[in-house]
Amino acid sequence: MLTLTSQYALQAVCYLARHAEDHPVPRRKIANDLGIPVKYLGQILGKLTRSETLVASPGPGGGFRLARAASGVCLAEVVAPFEPVAADPPRCPFATAECEIGNPCPGHDGWVRVMEAYFEFLDGTSVEDVAIRWSKSIAKRKRRR
């Protein structure tokens with residue numbers, strides 16, 4: 001459901017939640033540690049900075065950090081700059097021209113439940129909620145390589 005860009009944004013924000021409490025983390029370090037192309041990550045971090053999810057510190061010793069505590073940043077906020085779905089839920093994929101709430105297509109009700117769960121998860125889950133378990137899974141993956 002999420003684009004690769006949104007997945008990278010979530011990974012970068014979780015990484016920063018675990019590594020940037022005191023000092024900003026350089027873009028190149030984040031990219032190298034996560035295996036994300038540096039230029040692509042730079043575009044993502046730029047959007048997250050413009051949306052005020054991150055704070056950028058320029059110059060030597062600069063980098064990125066969360067704009068506020070990880071507990072105060074929900075996943076929906078992280079993906080919002082990259083997912084048009086966050087502002088405008090997609091149409092039912094089974095929809096016909098006549099599909100609407102009063103006249104749903106055969107798959108409409110199931111799709112509505114999926115989208116409600118999706119938005120509930122993104123809106124109701126903070127970066128802090130997932131960052132610790134996420135960083136442990138990344139560490140395990142690195143050890144396997």
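I began with helix H2, where Lys-29 and Asp-33 lie four residues apart and are therefore separated by about one helical turn; helices here are DSSP runs of H or I with at least four residues, strands are runs of E with at least two, and both are numbered from the N terminus.

I noted that this is a predicted model, in which local features need pLDDT of at least 70 and side-chain atom pairs count only at pLDDT 80 or more, while totals for chains, interfaces and linings use all residues. Residues are numbered from 1 along each chain as its sequence is written, and side-chain values use heavy atoms, with hydrogens and water left out.

I then looked up salt bridges (a side-chain nitrogen of Lys or Arg within 4 Å of a carboxyl oxygen of Asp or Glu), and the count came to two. Lys-29 and Asp-33 form one of them, at 2.8 Å from N to O. Lys-29 is partly exposed at 42% relative accessibility, and Asp-33 is partly exposed at 22%; buried means under 20% relative accessible area, exposed over 50%, and partly exposed in between, with a 1.4 Å probe and protein chains only. Arg-68 pairs with Glu-77, their closest N and O atoms being 2.4 Å apart.

Finally I checked Leu-54, whose contacts (heavy atoms within 4.5 Å), leaving aside neighbours within four places in sequence, include Val-13, Leu-45 and Phe-64.
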